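I opened a notebook to keep track of what I look up. Here is the structure I am working from.

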Amino acid sequence: KQWYQRRVRGIFDVRQPQKSIEEYIGHNGSIKGARFLGNDNFFISIGEDKLLKMWDRRAQKELKQQSFDQPVNSFDLEDEMKVVTVTYGNNVALHDVTTFDLLRTHSLPCVVNSASLHLDQRYFVCGGEDMYVYKVSIETGRIMESYKKHFGPVHCIRYSPDGELYASGSEDGTIRLWQDSVGKTYGLWQRPDLTNIHNNCSPRDLDFVMG
């Protein structure tokens, strides 16, 4: 799957990537992302035209669309949760993946570039232009946790499949891994010795510098 500038979206066979096997026209402006749904007969796309669209590959046509009042920055989709997580402006919106009905929307203190929903669907994490990583209650919209460890805007954030950690990627050239539950022994993390923590780290996060 690949998306182009200026409205055309192509689907490619990875074994023969020289030419697209399908093309769809529907967005006005750059296409910022696309994801297959379920058995790959459907996919969702977002564009600079402030639209989220669903496409039917069998009929090769657009099925539905959802408009926003600001350009969409990103979206995340986990088939098992049946929810599309969309960021636009200062907002994070949760939409039903089948109907596009709005389930929840919450505003943050900055422009949000990326968000990811936890598998239990009680909260999400997000990051954006103010360099913070936020954890937000879906029910109330309350910011449960916030951390400023990056030195540039956060451009991408995603939960691991088991929900035990999430990763944030920033303009500062680093990827940071964050524990969802502080103090839990998991992977690289052991129960923290608070008297022996690196000055630039915490019991919650580990960082990696991208070359």
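My entries follow, one topic at a time.

**Entry 1: the kind of model**

I noted first that this is a predicted model. I keep that in mind for every value below.

**Entry 2: the largest pocket**

I asked how much space lies in the largest pocket. The value is about 190 Å³.

Next I looked up which residues line the largest pocket. From one part of the chain come D76, E78, E80 and M81. I also found S116, L117, H118 and L119 in the lining. R158, Y159, S160 and P161 complete the list.

Which strands each supply at least two residues of this lining? They are β8 (72-78), β12 (112-117) and β16 (154-159).

Five of its residues are nonpolar, three are polar and four are charged.

**Entry 3: aromatic rings**

I wanted to know how many aromatic pairs a search of the whole structure finds. It finds nine. I took Y24 and F43 as my example. Their ring centres are 5.2 Å apart and their planes stand at 75°, so I wrote this pair down as edge-to-face. The cut-off for that label is an angle over 60 degrees.

Where do the two residues sit in the chain? Y24 is in strand β3 (residues 22-25), and F43 is in strand β5 (residues 42-47). They are 19 residues apart, and the pair links distant parts of the chain.

Are these two buried or exposed? Y24 has 3% relative accessibility, so it counts as buried. F43 has 1%, so it counts as buried too. The cut-off for buried is under 20%.

F43 has another partner. The rings of F36 and F43 have centres 6.3 Å apart and planes at 80°, so this pair is edge-to-face as well. F36 has 22% relative accessibility, so I listed it as partly exposed.

Y24, F36, F43 and W55 form one aromatic cluster.

**Entry 4: charges over rings**

I looked for charged side chains placed over rings. The charged end of K64 sits over the ring of F100, 6.0 Å from the ring centre. K135 lies over the face of Y123, and here the distance to the ring centre is 4.3 Å.

F100 lies in the loop between β10 (91-96) and β11 (102-107). Its relative accessibility is 2%, so F100 counts as buried. Its phi is near 70°, a positive value in a residue other than glycine.

**Entry 5: the loop between β5 and β6**

I turned to the loop between β5 and β6 (51-56), where D49 is found. K50 is found in this loop too.

Which of these is buried and which is partly exposed? D49 has 17% relative accessibility, so it counts as buried. K50 has 32%, so it counts as partly exposed. Phi of K50 is near 70°, a positive value in a residue that is not glycine.

I also checked D49 against D69. These two are 20 residues apart along the chain, and their C-alpha atoms are separated by 9.9 Å.

I started with β16 and β17. They pair in the antiparallel sense over five bridges. I157 stands opposite S168 in β17. R158 stands opposite A167 in β17.

The hairpin of β16 and β17 has five residues between the strands. In this hairpin G163 takes a positive phi near 75°.

Then I moved on to the next pairing. Strand β17 (residues 165-170) and β18 also pair in the antiparallel sense, over five bridges. G169 stands opposite I175 in β18. Y166 has W178 in β18 as its bridge partner.

The hairpin of β17 and β18 has three residues between the strands. Here G173 takes a positive phi near 85°.

Notes: Residues are numbered from 1 along each chain as its sequence is written. Side-chain values use heavy atoms; hydrogens and water are left out. On a 1 Å grid over the protein atoms alone, a cavity is a set of points where a 1.4 Å probe fits but cannot get out, and a pocket is an open set with protein on both sides within 12 Å along at least five of seven lines; lining residues have an atom within 4 Å of a point. Grid points are joined across faces, edges and corners, and a volume is the space filled by probe spheres set on the points. Helices (H or I, at least four residues) and strands (E, at least two) are DSSP runs, numbered from the N terminus. Ala, Val, Leu, Ile, Met, Phe, Trp, Tyr, Cys and Pro count as nonpolar, Asp, Glu, Lys and Arg as charged, and the others, Gly among them, as polar. Rings of Phe, Tyr and Trp (its six-membered ring) pair if their centres lie within 6.5 Å; planes under 30 degrees apart count as stacked, over 60 as edge-to-face and the rest as tilted. Buried means under 20% relative accessible area, exposed over 50%, partly exposed in between (1.4 Å probe, protein chains only). A charge sits over a ring if NZ of Lys or CZ of Arg is within 6 Å of the ring centre and within 35 degrees of the ring normal. Two strands pair if DSSP finds at least two bridges between them.
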